[in-house]
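The sequence and structure come first.

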Amino acid sequence: MKDSYTFEGENFSVRVVNRSIRSVVQQFEVVERPPIVMALPVAQDGSWFLVKQHRIAVDQIIIEFPAGRVEKGEAPEAAVKRELLEEIGFQANDLKYVGNITTAPHFCDENIQIFFAIGTIVQNPQPTGKESSFEVINTSSNELISLIKDGLFADAKSLAAVSLAMANGYIAW
């Protein structure tokens, strides 16, 4: 059986996949996402920059690290620098690749490349029209740990990025 798309949108598409498993054809719905980048932005003084914004899917204000899609023909490094400028007005002077995460492989192909960025705020944020209730948070490492412990910084991709950065020696708490 041939794969088919049941939905194609700007942020994701849904593909129906038919595969034979133990001689029985099974149907799977796979959410396809564009490539994504995320930054862990840190100022020279060691403070962190986070984004607080309303997320429509959960109808909640979420605190997370800046992230966004890689546009066609754009290198991931260029995309993460663009996202930092758009979302928090941050210019990365030092950008290091940390690793990548696959967010929900049981139904989605989303893969996020994570970067550790040291730099400074150089302009006002310029969020896109779909980014509402937008606020930049500047916080210390201790405050970030408290946000995590208190469940206020609970975005799974951001928490996974912290873990990956710690495992690779970019964060030592």
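## Pockets

The lining of the largest pocket divides into 17 nonpolar, eight polar and 15 charged residues. Here Ala, Val, Leu, Ile, Met, Phe, Trp, Tyr, Cys and Pro count as nonpolar, Asp, Glu, Lys and Arg as charged, and the others, Gly among them, as polar. The model is predicted: local features need pLDDT of at least 70, side-chain atom pairs count only at pLDDT 80 or more, and totals for chains, interfaces and linings use all residues. Residues are numbered from 1 along each chain as its sequence is written, and side-chain values use heavy atoms, with hydrogens and water left out.

The largest pocket has a volume of about 1400 Å³. Its lining has 40 residues, and the closest to the pocket centre are Asn11, Arg33, Arg55, Glu110 and Lys157. A pocket is an open set of points on a 1 Å grid over the protein atoms alone where a 1.4 Å probe fits, with protein on both sides within 12 Å along at least five of seven lines; lining residues have an atom within 4 Å of a point. Points are joined across faces, edges and corners, and the volume is the space filled by probe spheres set on them. Strands S5 (48–55), S6 (60–64) and S7 (67–69) each supply at least two lining residues, as do helices H1 (76–88) and H3 (156–167). H1 gives the most, with four.

The second largest pocket has a volume of about 170 Å³. Its lining includes Asn11, Arg33, Arg69 and Lys72. Three of its lining residues are nonpolar, three polar and six charged.

## Fold

The protein chain has three helices and ten strands. Helices (H or I, at least four residues) and strands (E, at least two) are DSSP runs, numbered from the N terminus. Their order is β-β-β-β-β-β-β-α-β-β-β-α-α. The C-alpha trace spans about 60 × 35 × 30 Å along its principal axes.

Of the 173 residues, 40% count as buried. Buried means under 20% relative accessible area, exposed over 50%, and partly exposed in between (1.4 Å probe, protein chains only). Among contacts (heavy atoms within 4.5 Å) with a separation of 6 or more, 60% join residues 24 or more positions apart.

## Helix H3

Lys157, Ser158, Ala161, Val162 and Ala165 are the buried residues of H3. They fall within an arc of 145° seen down the axis, so they line one face of the helix. The arc is taken from the directions from the helix axis to the C-beta atoms.

The face turned away carries the exposed residues Ala156 and Ala167. Cover for the buried residues includes strands S4 (36–43), S6, S7, S8 (90–102) and S9 (111–121). Glycine 169 follows H3, with a positive phi near 80°.

## Two residues

Isoleucine 101 sits in strand S8. Isoleucine 101 is buried, with a relative accessible area of 14%. Not counting residues up to four places away in sequence, it touches Glu110, Asn111, Ile112, Ile114, Lys157, Ala160 and Leu164.

Glutamate 29 is in strand S3 (residues 24–32). Glutamate 29 is partly exposed, at 47% relative accessible area. Beyond four places in sequence, it touches Val14, Arg15 and Phe107.
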